[in-house]
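Welcome! Let's take a friendly walk through a protein model, one part at a time. Keep the picture at hand as you read.

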Amino acid sequence: MQQSRDGTGTTPAISVQDVHFSYGSRPAVRGVSFDVARGEVLGFLGPNGAGKSTTIKMLTGQYRPAKGRIELLGEDLATHRSALQGRIGVCFEEKNLYPTLSGVEHLRFFARLHGVRDLDPGALLARVGLETRGRDRVAGYSKGMRQRLMIARALVNDPEVLILDEPSDGLDPVSAQAIRSVIREQAERGCAVLITTHDMWEADALADRVAFIHDGRLYALDTPERLKLAHGTRSARVRVRREDGAVDERVVELDGEDMGRRLAEATVGGELLTIHTDEATLEAVFVQMTGRGLT
Ligand code: ATP
């Protein structure tokens, strides 16, 4: 077995080492490195134009990095691209579906392209909640249904690596949740998953680790919990009824020394009504580290 750079003997399913890419003279990705293990979901979080899609296009072999190296499943992508394509699943933002084909026909077509002979399109459509619409033409599908079909299509070859660009962007909460469940299922069966998103809630809920990307560079890569603990500040909103009957809301920082004293001071001169604690959000940490927001 190939040794990983950390010496544990486990080769990451995705290994990206110092990749760069420019559109003409304009750099879009400026030295990005990260690994994704089998069974892990890595969330690439960043605002529009951060370099997420460009990174993904390098990972899927559409763009060749100007510098750096990408390995998928232990193989160099630059030299093993065709062999690797059968082992990865990809879902891009652009919905390149054929309106006149049905859901089932799409899946059969992609299965043929991948040389998959034992596809059960009905079972795959059921996994994304489209079992009753499989015979309908895609022209009649809603945006959420098209997105679900795109995800199903990315799964036809039972991929070992799954790469998804903004998988639930613009979907209603039920469709978004359905797609997240499918992604988690894939990770649980050992697939390495990379998703891009500019939605901090999605990154927080879905990803085992989150990478902050801005202006073509990675600013952080860790679990959502550790990012929030290391860089965020927690606070409490204390509601107090003053002696004149009015209700005040006071915000108290919970991190740092003298937390008890600050909380006690917030209730001075009134009757304590409620205390709500607010965790730091990934967006607040993102702003702190990159100097800009996610929108
Ligand atoms: P979004 O969330 O809007 O999809 P992103 O993080 O995926 O953004 P990219 O699409 O990778 O960002 O864009 C990174 C940079 O490269 C941006 O400055 C963008 O304007 C530029 N860019 C992207 N595609 C092209 C292209 N085809 N030609 C020229 N510049 C491009």
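How many bridges join strand E9 to E10, and do the two run parallel or antiparallel? Strand E9, which covers residues 209–214, is joined to E10 by 5 bridges, and the two strands run antiparallel. One place to look is Val-210, which stands opposite Asp-222 in E10. Please keep in mind that this is a predicted model.

## The sheet of six strands

Strands E9 and E10 belong to an open sheet of 6 strands. Read across the sheet, the order is E6-E7-E8-E3-E9-E10, and the pairing is mixed. At its edges are strand E6 (88–91) and strand E10 (217–222), each of which pairs on one side only. From one strand to the next, the twist averages 15°. Helix H10, made of residues 282–290, packs on this sheet and touches strand E3 (41–45), E9 and E10. The direction of helix H10 makes about 45° with that of E9.

Strands of a sheet pair through backbone hydrogen bonds, either parallel or antiparallel.

## The sheet of three strands

Now look for another open sheet, in which 3 strands follow the order E12-E11-E13 with antiparallel pairing. Strand E12 (247–253) and strand E13 (270–278) are at the edges with a single partner strand each, so one side of each has no neighbour in the sheet. Here the twist averages 25° from one strand to the next. Strand E11 (residues 235–242) runs antiparallel to E12, and 7 bridges join them. In one of these pairs, Arg-237 has Val-251 in E12 as its bridge partner. Helix H9 (residues 259–266) lies across E11 and E12, and runs at about 170° to E12.

## A hairpin

Strand E1 (residues 14–23) pairs with strand E2 (residues 26–36) in the antiparallel sense, over 8 bridges. Ile-14 stands opposite Val-36 in E2. Between the strands of this hairpin there are 2 residues, and Gly-24 takes a positive phi near 60°.

## Around the ligand

Which residues come nearest to the ligand? There are 13 residues around it, and Asn-48, Gly-49, Lys-52, Ser-53 and Thr-54 come nearest.

| Residue | Protein atom | Ligand atom | Distance |
|---|---|---|---|
| Tyr-23 | N or O atom in the side chain | nitrogen | 3.4 Å |
| Gly-51 | polar backbone atom | oxygen | 3.0 Å |
| Ser-53 | polar side-chain atom | oxygen | 2.7 Å |

Taken alone, the ligand exposes 630 Å², and the protein buries 64% of that.

## One buried leucine

Next, find Leu-59 in helix H1, which covers residues 52–59. Why does Leu-59 count as buried? The reason is that its relative accessibility is 0%, while buried means under 20%. Setting aside neighbours within four places in sequence, Leu-59 is in contact with Ile-14, Val-16, Phe-34, Ile-70, Leu-72, Leu-77, Ile-163 and Leu-194.

## Two residues with positive phi

Most residues other than glycine have a negative phi. Asp-158 is not a glycine, yet its phi is positive, near 50°. You will find Asp-158 in the loop between helix H5 (143–154) and strand E7 (161–165). Glu-166 is not a glycine either, and has a positive phi of about 50°. Glu-166 sits in the loop between E7 and helix H6 (173–188). Is Glu-166 buried or exposed? Glu-166 is buried, because its relative accessible area is 7%, and the limit for buried is under 20%.

## The whole chain

Finally, step back to view the protein chain as a whole. Its secondary structure comes to 10 helices and 13 strands. The C-alpha trace spans about 75 × 45 × 40 Å along its principal axes. Of the 295 residues in the chain, 44% are buried. Among contacts with a separation of 6 or more, 65% come from residues 24 or more positions apart. The chain exposes about 14600 Å², of which carbon and sulfur atoms supply 48%.

Definitions and conventions:
Residues numbered from 1 in each chain as written. Predicted model: local features only at pLDDT ≥ 70, side-chain atom pairs only at ≥ 80, totals over all residues. Heavy atoms only, no water. Pairing = 2+ DSSP bridges. Helix = DSSP H or I, 4+ residues; strand = E, 2+ residues; numbered from the N terminus. Axes fitted to C-alpha atoms, helices over the stretch in contact; angles between N-to-C directions. Contact = heavy atoms within 4.5 Å. Near = heavy atom within 4 Å. Polar contact = N/O pair within 3.5 Å; in protein donor to acceptor, adjacent residues only side chain to side chain. Areas by Shrake-Rupley, 256 points an atom, 1.4 Å probe, with all protein chains shown as cover. Buried < 20%, exposed > 50% of the residue type's maximum accessible area, 1.4 Å probe, protein only.
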